[in-house]
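This report covers a predicted model. It starts with the contact between chains and then turns to single elements and residues.

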Amino acid sequence: MSDELGRLQEWFVAVVTDPRPLDDAARAHESLIGGACLDSVLLRSTRESAEERVSIYRHAYQARLVECLRDDYPATLFLLGEDEFERLAGEYIQRFPSRSPNLNAFGKHLPELLREHAQLGEAPSELATLEWALVEAIHSPTSATLDPETLRNVPPARLGEVGFRPHESARLLKFTHQVNAYAQAFFQDSPRQRVEPGDSAVVVARLGYKVWRLEASPAQATVLGRLWSGEPLARAFADVDVGPDEAMQWFRMWSEKGLFSALVVP
Amino acid sequence: MNRFGIPSLGIGVGLRTAHYAHILEQRPELGFFEILSENYLETAGRPLLFLDRIAELYPVVMHGVSLSIGSTAPLDFEYLRQLKALRKRTGARWISDHLCWTGTAHKNTHDLLPLPYTEGALAHTIERVRVVQDFLEAPLALENPSSYAEFTASTLSEAEFLARLSEQADCALLLDVNNVYVSAHNHGFDAKQYIHSLPADRVVQFHVAGHTHAGKHIVDTHIGPVVEPVWELLRVAAAHTGCGSALLEWDAEIPEFDVVLREARLAEPLLGPRVAA
C-alpha cells in the first residue's frame, strides 16, 4: 500500500507544483498513476469539478511561496514592480523548490537569480543582497557583543596588535549602487523610482531585537574589512587617512551597534 | 477530562510576531499561547529571544505544519530532533500537527495536503504516529485538516480515519471546528455528526478561526472574526468532549492584540469546566 500511496503522492505534488496549464501538467504526469485521468483519481463535489479542486492547491502552492519572497524582499519588489517580481518569483520557485520543513531560508538564492538576469542591471540583485542580509541578521545567533570598556584594559603600546572578531550577525556589503539609500527611503515610506549608481558599503548587524543598517564610508569599509579578515588594528588603519579622535568615534559607534563580539589579543 | 491527563488551559491565542512587543509590555491575561513550531526552528536569533521571554510568562503549546505524518517520504528525524529541543526550551505542554502530508522527499509544498482515506493509508499513518510519539516523548495531538479535494480511492470518512488513527496509535486530537465547518461545506458532510464520531476523551484542544468564501468553496484563511455557525460547532464539540482548551487562530489582516483576545474570549462560556494546570 505504501508504494501505491507513494505514487499517488508523487503524482499529486507533481501536478500541484507544475507551473504549466493544468491540462498539460496532468498529461505530463499521468504515467505516475498508470495513465489515469484526473477525474478518476479526484472526486468532484456537487459544486466543483476535480480540475477546479486540484487548482485550489496549485494556486495555494504558488501564492504561499511568492508571499514568502514578498515578505523577505519588499524593497526589491517595489523596485522591480509587481508583474516583474511575480514572474521572477515563479521562475525562482521552479529553480529552488523548498526541501526544508520551514521557509526561513527559502528566499536566500534570489540575489543570485537576479544577477543571472543581466538585463535587469546590477541594482536589483544588490538590493536583494542587502535585504537578505537583514533576514540573516534576524536569524543569526544572539551572542554577546564587545563591551567598549574592554579596550581600556589593553596597554596603549599593544593596541596596534589587537584584533576585533566580528559579531555573528554582522555583514559588510559592498555595492556599485546606493542601495542603502534606496532601502532607507523605501522603509521610511518615501520610496524612490530608481537606485542611484555609485559605489557604497553597508554594514548590517543585529543587537538584541534591533537590526541595524549602517552606511560605511570607503575608509570605514576598508578598516572594517581588514579587521574582519583578521588583520590587527595597526594594519587595518595602515594607509587610511583618519585621525585618532575620529577613529575612536568609529569604534564607539561600531561597538554600540554590536558589530564586534570580542577582542583578539595576541 | 481527556484520557491523557492533559490539563485544560482555558483560552489561548496563536502567538504572532506583530504582537510580540504588546504582549511583553502589557502582559495580557490569557490561558496560553500556541506557537507555530517552524517559526522557531533553523533560527538562533530574534524569534527565540521573544519566545524565551513569552515562555517565561505563559504556558505554551507547540503547533506544527511540517510533520507530514501521512507522507510516504521517510520521517525527518532532524526536524523531530529540533521539535523535541524546542519543547524542552519552552516547556510546551503538548505538540500538535495535522492529519495530512506536505510533500515528497524532494519537494515541500508547505501546504496541508489531503490523504486518501484508505485502510492502507491508515496503517501507514498509525505506524508513523507511533514512531514520532516514541521519539518526541511528548503528547502528540493531530488536527483534522481543512481540505479542498478528496480521492476516489477513499473508503473511510475522514472522521472514521481520524478516530481509528487516534485509537490505534494512541495519540491525542486537536479538533479544529472551523476546519470541520470548511470541509463539511466543501465536501458535503454533516459537521455535527463528524464531531460526534470522534473519540471524546482524546480531544485535548480546540481551534477556532475565521474563513473566506471563495465562490464554490470555503478557504481556511484564519481571517477575521469567527462566524456564529463555527461558535455553534465549538459549543457542540465542548459538550461532546468536555475539553477546556480553545485557541483562536488569526493569521491574515491581523488586528491589534486586544481585538484578537476579545474574539478569543468569546469561546470561554462555551467550554467545559477548567481543570487547574
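## Salt bridges and polar contacts

A salt bridge is a side-chain nitrogen of Lys or Arg within 4 Å of a carboxyl oxygen of Asp or Glu. By that rule, 3 salt bridges cross the interface of chain B and chain A. One of them joins D111(B) to R64(A), with the closest N and O atoms 3.6 Å apart.

Polar contacts cross the interface too. The term means a pair of N or O atoms within 3.5 Å; within protein, one must be able to donate a hydrogen and the other to accept it, and residues adjacent in sequence count only if both atoms are side-chain atoms. The rule finds 34 residue pairs in polar contact between chain B and chain A, both residues being at pLDDT 80 or more. On the chain B side, the elements that give two or more residues are α2 (46–57), β5 (101–103), β6 (108–113), α4 (119–136) and α6. The largest share, 6 residues, comes from β6(B). Helices (H or I, at least four residues) and strands (E, at least two) are DSSP runs, numbered from the N terminus.

## Extent of the interface

Contact means heavy atoms within 4.5 Å. It takes in 48 residues of chain B and 43 residues of chain A. The area buried between the two chains is about 4,200 Å², and carbon and sulfur atoms give 58% of it. In chain B, R46(B), H110(B) and K216(B) lose the most area to chain A, together 16% of what that side buries. Buried area is the accessible area (1.4 Å probe) that two parts lose on being put together, summed over both.

The side of chain B that touches chain A has 17 nonpolar, 22 polar and 9 charged residues. Ala, Val, Leu, Ile, Met, Phe, Trp, Tyr, Cys and Pro count as nonpolar, Asp, Glu, Lys and Arg as charged, and the others, Gly among them, as polar.

## Helix α6 of chain B

Buried means under 20% relative accessible area, exposed over 50%, partly exposed in between (1.4 Å probe, protein chains only).

At the start of α6(B), a side-chain oxygen of D176(B) comes within 2.9 Å of the backbone nitrogen of N178(B). Just after the helix, G188(B) takes a positive phi of about 80 degrees.

## Loops with positive phi

Most residues other than glycine have a negative phi. R27(B) is not a glycine, yet its phi is positive, about 45 degrees. R27(B) lies in the loop between α1 (20–26) and β2 (32–36) of chain B.

H222(B), also not a glycine, has a positive phi of about 55 degrees. Its loop runs between β11 (218–219) and α8 (228–241) of chain B. H222(B) counts as buried because its relative accessibility is 11%.

## Chain A

Chain A has 12 helices and 5 strands. Its radius of gyration is 25 Å, well over the 18 Å that the globule rule gives for 266 residues, so chain A is more spread out than a compact globule. The radius is taken over C-alpha atoms, and the rule is 2.2 Å times the number of residues to the power 0.38. The C-alpha trace spans about 80 × 45 × 30 Å along its principal axes.

P19(A) sits in the loop between α1 (2–17) and α2 (22–28) of chain A. At 53% relative accessibility, P19(A) counts as exposed. Its C-alpha atom is 8.0 Å from that of G90(A), 71 residues apart along the chain.

## Conventions

Residues are numbered from 1 along each chain as its sequence is written, and chains are lettered from A and ligands numbered from 1 in the order in which they are written. In this predicted model, local features need pLDDT of at least 70, side-chain atom pairs count only at pLDDT 80 or more, and totals for chains, interfaces and linings use all residues, while side-chain values use heavy atoms, with hydrogens and water left out.
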